Amino acid sequence: MTEIQAGPGAAVAAAPVSGDVPAIELDNVVKEYVSHGEVVRAVKGVSLAIAEGEFFSLLGPSGCGKTTNMRMIAGFEDPTQGVVRLHGEDVTNVPPNKRDINMVFQSYALFPHMNVWDNVAFGLRRKKVPDAEIKRRVGEILEVVDLVGREKRRPKEMSGGQQQRVALARALVNRPRALLLDEPLGALDLKLRQAMQIELKRIQREVGITFVYVTHDQSEALTMSDRIAVMNDGLVEQLAEPREIYERPASKFVAGFIGTSNLLSGTVQQVSGATAVLALGQSDRILIPSDGTLSAGQTVDLTVRPEKIKIAKDRPEGDLSVVRGTVAEVVYLGTSNSYVVVLGDGAEITVFEQNAHDSTITAERGDSVWLSWQPWHSYALR
Amino acid sequence: MSRLRAALTPYALIFPGGLWLAIFFVVPMIVMLSLSLQSGSVEDGYAFTFNWHSYADGLANYHDQIIRSLLYGLASTVLQIVIGFPVAYWIAFKGGRHKSVYLFLLLLPFLVSFVLRTISWQFLLSDNGILLGPLKDIGLLPEGFRVLATPFAVIGGLAYNFLPFMVLPMYVALERIDPRVLEAAQDLYASRFQTFLRVVLPLSLPGVFAGVLMTFVPATSDYVNASVLGGTNTTMIGNVIQNQYLVTQDYPTASALSFTLMALLLVGIFAYARALGTDDVLEVAAR
Ligand SMILES: Nc1ncnc2c1ncn2[C@@H]1O[C@H](COP(=O)(O)OP(=O)(O)OP(=O)(O)O)[C@@H](O)[C@H]1O
Ligand SMILES: [Mg+2]
């Protein structure tokens, strides 16, 4: 098994960093459905390479093509165009039962007429594994997913979380080279969901196989993944490590989709050294790192994360981005306070303030406040 | 007050149906039971005498017809499964958006009266009719070949007449299968055949089970098919009972035969339900 070291370059590179053959590769894949005489382009040309042992997430809003991508990898859909490779081998026309990967379905899709044991043993029996080995491996995997003693239960006699673990065991027991999970935690409540996230991560580390994980829950993707592909409308908008995606969103869409982010735009007034100054209003200015591509007069879209912004009654000193606004809303969130501040031009900025020192809040609704942040927390969007 | 109402509601709901069953089902059953224990003749009238000899005589004289009825019922049921399953399967999985159209087409012939349908079969199968006549003319079949009055005609007629009652429950069971479950089977290395054998078939068994219950009983006690399509060697117990009632007017024998048939069918159904009506069967099928 190889270590994943997706460096900064991974943001643009579709190929994995190491020289190894990727576990899963989509090469310019297009999928069109025809429904009611109309062509629906569900996937519009996706290329990505997932490394062996990687926890890879597909993240995106409903209908962006995540499931379609997954079903093409598993073999349930034939791509309209493009090539699917598993461990370097073109499997575009190989049926699902001949692919050495397994899928955990969104709805679990357990066999309702079989008990837990038979569900889990299904794949091994089809592969004609000897009975003694089936017995050992099914027993082992049921231990991993903590279902020992429930072998005789039918799916309908179990809770959602237990069924989910059966689905996981049923796939893992075959020791596939890759596991596809399509929103496997979608049906669970928050607490069980978080417990299962930790569990899944642990299992993935223990068995050391490639996980391709579909979710539309961004925090789930951020906490669990080695790399994330953010999809929108049939295309990959950004492919990078979670931190990179969060800190350096590649597009307005990604910035808006991941976490809460504040979108601003301004005109470059001057560039001094590595910092550009954007004018917003009279007393407002935004500082932004300049990599030499910015020049005076240019309009820039940028984003700032709410937790990077400081809120104060007085104008702060120093080389900071500084903007002035009026507090429109204050929300007490327990561990933090959240403010919505309206700027002079009508833009709304969300600010998170840690509840670290005391429980008093800095500003009330209607107060006039100054917002400030470090230059490097302004991030220009393409 | 509202508690009282809540307590009475179930009874209020069952009342109309219960009354209906009591008057039109239980009462005739009791009348029949008493009839079967009477003795006498048409001329002198019948009197209740606890005469259980009608049962013994009925069994002694008509056991051939009883056994034949059970065999025909069984054969036609098997035939219906063989013919009906692919139909149900096709409509459920390949019917697409037109499923209800296909189901309607399946039921269409059954809007015509049972007897009329059977008579049209008689017309189709007659010795020199539109089916056999041409085949005989071109020499494909010998002159003396016939289908009418053979067991094949009767069993075929039975299978045809009760087919929807077999197909519909099978269709319902197949239709309810989650397509994802079939994909899961394929994902877990099952071939198409294995998927059918291990998943589709076991999951459709409850439908087959219900279909058998709904067709075996009426097919076994049917008399229309045997009288329209059959001959003297294919007489079923239904024909005997009908004859005893309406022609010979030997009511005790007719009633006793009816009860004998009913008892046999009940025992058969219970044995069948015990053997196949549990989830364990599915589990065995799944291995
Ligand atoms: N069988 C199909 N026939 C026609 N259109 C389809 C079919 N399957 C998916 N689509 C369309 O393709 C697009 C992508 O669907 P897909 O299921 O991949 O989305 P998704 O990203 O998984 O969404 P979700 O988060 O809601 O599961 C959608 O617009 C959907 O309506
Ligand atoms: Mg989906």
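Mentor: Happy to! Keep in mind that this is a predicted model. Let's begin with a pair of charged side chains: Asp301(A) and Lys252(A) form a salt bridge.

Trainee: How far apart are the closest N and O atoms of Asp301(A) and Lys252(A)?

Mentor: Side chains of opposite charge can pair when their charged atoms come close. A salt bridge needs the nitrogen and the carboxyl oxygen within 4 Å. For Asp301(A) and Lys252(A), the closest N and O atoms are apart by 3.7 Å.

Trainee: How many residues apart in sequence are the parts that Asp301(A) and Lys252(A) tie together?

Mentor: Look at where each partner sits: Asp301(A) is in strand S14 (residues 299-304) of chain A, and Lys252(A) is in helix H8 (residues 252-257) of chain A. The pair therefore ties together parts of the sequence whose separation in residues is 49.

Trainee: Is Lys252(A) buried, partly exposed or exposed?

Mentor: Buried means under 20% relative accessible area and exposed means over 50%. Lys252(A) has a relative accessible area of 42%, so Lys252(A) counts as partly exposed.

Trainee: Which residues do salt bridges with shared partners join into one network?

Mentor: This network includes residues of chain A and of chain B. Its members are Lys31(A), Arg71(A), Glu77(A), Arg180(B) and Glu183(B).

Trainee: Back to S14(A). Which residue in S14(A) is the bridge partner of Leu263(A)?

Mentor: Strand S11 (residues 262-272) of chain A and S14(A) run antiparallel, joined by 6 bridges. Within this pairing, the partner of Leu263(A) in S14(A) is Thr303(A).

Trainee: And which residue in S20(A) is the bridge partner of Leu302(A)?

Mentor: S14(A) also pairs with strand S20 (residues 379-381) of chain A, again antiparallel, through 3 bridges. There, Leu302(A) has as its bridge partner Ala380(A).

Trainee: Let's return to charged pairs. Why are Arg136(A) and Glu140(A) separated by about one helical turn?

Mentor: These two form a salt bridge, with their closest N and O atoms 3.2 Å apart. Arg136(A) is partly exposed at 43% relative accessibility, and Glu140(A) is partly exposed at 39%. They are about one helical turn apart because their spacing in helix H3 (residues 131-144) of chain A is 4 residues.

Trainee: Is Glu54(A) buried or exposed?

Mentor: The side chains of Glu54(A) and Arg227(A) meet in a salt bridge at 2.5 Å, N to O. The two are 173 residues apart, with Glu54(A) in the loop between strands S2 and S3 of chain A and Arg227(A) in strand S9. Arg227(A) is buried, with a relative accessible area of 3%. Glu54(A) has 0% relative accessibility, so Glu54(A) counts as buried.

Trainee: Now the ligand. Which helix supplies the largest share of the shell around ligand 1?

Mentor: Strand S1 (24-35) and helix H1 (66-74) of chain A each supply at least two residues of this shell. By class, the shell has 3 nonpolar, 7 polar and 2 charged residues. The largest share, 3 residues, comes from H1(A).

Technical notes. Residues numbered from 1 in each chain as written. Chains lettered and ligands numbered in written order. Predicted model: local features only at pLDDT ≥ 70, side-chain atom pairs only at ≥ 80, totals over all residues. Heavy atoms only, no water. Nonpolar A, V, L, I, M, F, W, Y, C, P; charged D, E, K, R; others polar. Buried < 20%, exposed > 50% of the residue type's maximum accessible area, 1.4 Å probe, protein only. Pairing = 2+ DSSP bridges.
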